[in-house]
Amino acid sequence: MSAALNGLTILAVCAGAFFFLAGTVGLLRFPDTLSRLHALTKADNLGLGLVVLGLLFQAEGLLAALKLISVWLLALLAGATVTQLIAHTARPSGPQA
Amino acid sequence: MAFDIGLALLVLGVGAWTVAARDTFAAVVGFVAYGLLLALVWVRLAAPDVALTEAALGSGLTGGLLVSASTRLRRAETRAVDERQPASLRLAAAVLCTLVSAGVAAIVLLLPEPAPTLAPQAMVNMAATGLGNPVTAVLMAYRAIDTLLETVVLLLALVGIWSLAPDRVWGGVPDPRHQAEPDGRLTFIAQLLVPVGILVGIHIFWVGSVAPGGEFQGATILAAMWILAMMAGLVDAPAVSRRWLRLMLVTGPAVFLTIGLTGFAVAGSFLAYPEPHAKLLILMIEIPVTLSIAATLALLVAGPPERAPGR
Amino acid sequence: MADFLFAAAGLVLAMVAAGLARILWGPGDADRIMAAQLLGTGGIAALLLLGEATNVPAALDVALTLVLLAAFISVAFVKGATRSEADGA
């Protein structure tokens with residue numbers, strides 16, 4: 001049982017790390033602010049979600065699991081709205097190189 | 001450990017960038033990033049209490065303070081950037097900083113094995129305080145006088161900031177009125193985040209008696225949520241002359257001081273707790289102190305009054 | 001398991017480092033504000049992995065605090081950037 005849980009954790013964390021990698025590649029390669037913001041928010045939040053999922057299998061107790069999920073939900077909420085705010089800041093300055 | 005070396009290099013790199021940044025706003029962003037990474041370092045060193053304080057107070061709240069300062073300075077900055085300090089002064093500062101860093105590093109590296117520490121005695125005597133977290137025991141029992149002085153110092157800093165108000169808005173409302181957009185993004189995030197944040201802040205404060213946490217960390221989260229609500233325009237900053245506000249600010253240190261003075265009568269010296277009631281007294285101190293600190297920190301970031309009091 | 005989580009934390013941290021290098025160099029304030037976002041997701045992931053790998057359960061509380069403060073500081077940065085533009089105009 002715990003071997004199966006460990007396997008699931010490894011799978012989920014590897015997927016999460018892959019998305020972080022994808023997000024960072026996007027961050028480094030995309031040409032302008034808005035697309036970099038897009039890469040950062042989407043990929044990194046998904047990566048965090050997968051990492052949280054992986055760690056859920058290792059969590060001890062209901063409270064720890066709830067805290068893990070709330071961390072992810074809060075990060076998602078903050079990411080979604082703050083991205084809009086940052087994009088609004090970027091746009092009046094005109095397209096950045 | 002490759003991980004530790006990588007983390008150390010990253011922290012140093014961000015720190016160096018912050019020092020070298022040309023623009024104040026950029027330097028503040030770098031400072032906050034540096035602080036958040038430092039929280040990671042503290043967790044790596046198995047010091048979660050310090051990590052909590054660093055994340056909340058050292059980088060989060062101080063970052064808010066610095067951003068607000070850098071915004072006010074922006075207009076004057078373009079003029080100031082032309083007057084650079086003479087090279088000899090900057091060289092002297094660099095040499096001094098290097099010497100201090102080298103001195104601290106030498107002290108840490110040359111400590112005898114095992115390093116002298118009071119930690120075992122702190123753990124042994126913790127049962128008398130009724131607490132389960134040795135860091136809280138140090139802050140609220142062994143070195144309670146330091147904590148009391150910290151709360152007073154914060155209050156004095158706030159008075160200093162209020163004294164910067166121009167005469168015509170003396171005792172007025174800090175910060176320009178932030179427009180609340182009813183369907184706006186900022187309103188949305190504030191309405192969802194603030195209640196959750198308040199819960200988390202209370203949780204971190206409450207759990208501090210048995211696990212990493214405590215009143216300063218919890219109070220900082222509460223303060224950050226209040227500032228967030230102010231920035232989103234959900235609540236307006238209170239006028240600094242309001243009686244309830246001033247009462248709230250003063251109650252924490254006042255209660256702390258009172259309990260400290262009764263220590264003379266009840267247990268023999270200042271801030272001594274009679275053993276069976278130690279935990280209750282500590283709790284009686286912590287609750288008002290948390291509220292006072294939260295209010296003080298929020299008002300520190302809000303800044304000096306800018307609008308006249310009253311409608 | 002602990003070694004794997006440790007390695008994963010290291011990888012995520014390397015990603016954060018690369019991202020920071022790009023972001024802090026990026027022209028304009030909006031780019032730099034993204035640093036708070038980056039640390040709010042990547043930094044927290046690394047923190048959670050590190051906490052689990054080194055058996056520090058309080059890392060979860062630190063992560064909760066970090067996510068709230070990262071959101072707060074991002075909003076403060078955005079307010080600071082837009083307010084100074086309005087002032088300077």
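Of the contacts in chain B with a separation of 6 or more, what percentage is accounted for by residues 24 or more positions apart? The figure is 75%. Please keep in mind that this is a predicted model.

**Chain B at a glance**

- Chain B contains twelve helices and two strands.
- Along its principal axes, the box filled by the C-alpha atoms of chain B is roughly 60 × 55 × 40 Å.
- Chain B has 311 residues, and 38% of them are buried.

**Two domains in chain B**

- Chain B splits into domain 1, residues 1-83, and domain 2, residues 118-311.
- Between the C-alpha centres of these two domains of chain B there are 23 Å.
- Where the two domains touch, domain 1 of chain B gives eleven residues and domain 2 of chain B gives 16 residues.
- On the domain 1 side of that contact in chain B, six residues are nonpolar, four are polar and one is charged.

**A helix pair to look for**

- A pair of packed helices is described by the angle between the two axes and by the distance between them.
- In chain B, the axes of helix 11 (residues 243-267) and helix 12 (residues 278-302) come within 7 Å and cross at roughly 150°.
- Because angles over 145 degrees count as roughly antiparallel, helix 11 of chain B is roughly antiparallel to helix 12 of chain B.
- The crossing of helix 11 of chain B with helix 12 of chain B is left-handed.
- Residues making this contact include B:Leu249, B:Val255 and B:Phe256 from helix 11 of chain B, and B:Met284, B:Pro288 and B:Leu291 from helix 12 of chain B.
- By class, the contact of helix 11 with helix 12 of chain B has 14 nonpolar residues, four polar ones and no charged ones.

**Where chain B meets chain C**

- Here, 48 residues of chain B are in contact with 43 residues of chain C.
- Five helices of chain B each supply at least two residues to the side that touches chain C: helix 1 (2-20), helix 2 (24-44), helix 3 (48-80), helix 9 (185-207) and helix 10 (215-231).
- Helix 3 of chain B provides the largest share of that side, with 14 residues.
- Sorted by class, the side of chain B that touches chain C has 34 nonpolar, eleven polar and three charged residues.

Conventions:
Residues numbered from 1 in each chain as written. Chains lettered and ligands numbered in written order. Predicted model: local features only at pLDDT ≥ 70, side-chain atom pairs only at ≥ 80, totals over all residues. Contact = placed C-beta atoms within 7 Å. Helix = DSSP H or I, 4+ residues; strand = E, 2+ residues; numbered from the N terminus. Nonpolar A, V, L, I, M, F, W, Y, C, P; charged D, E, K, R; others polar. Buried ≥ 20, exposed ≤ 12 C-beta atoms within 10 Å, placed from the backbone. Axes fitted to C-alpha atoms, helices over the stretch in contact; angles between N-to-C directions. Parallel < 35°, antiparallel > 145°, perpendicular 65-115°, else oblique. Left-handed = near helix turned anticlockwise from the far one by under 90°. Domains from an automatic or database assignment.
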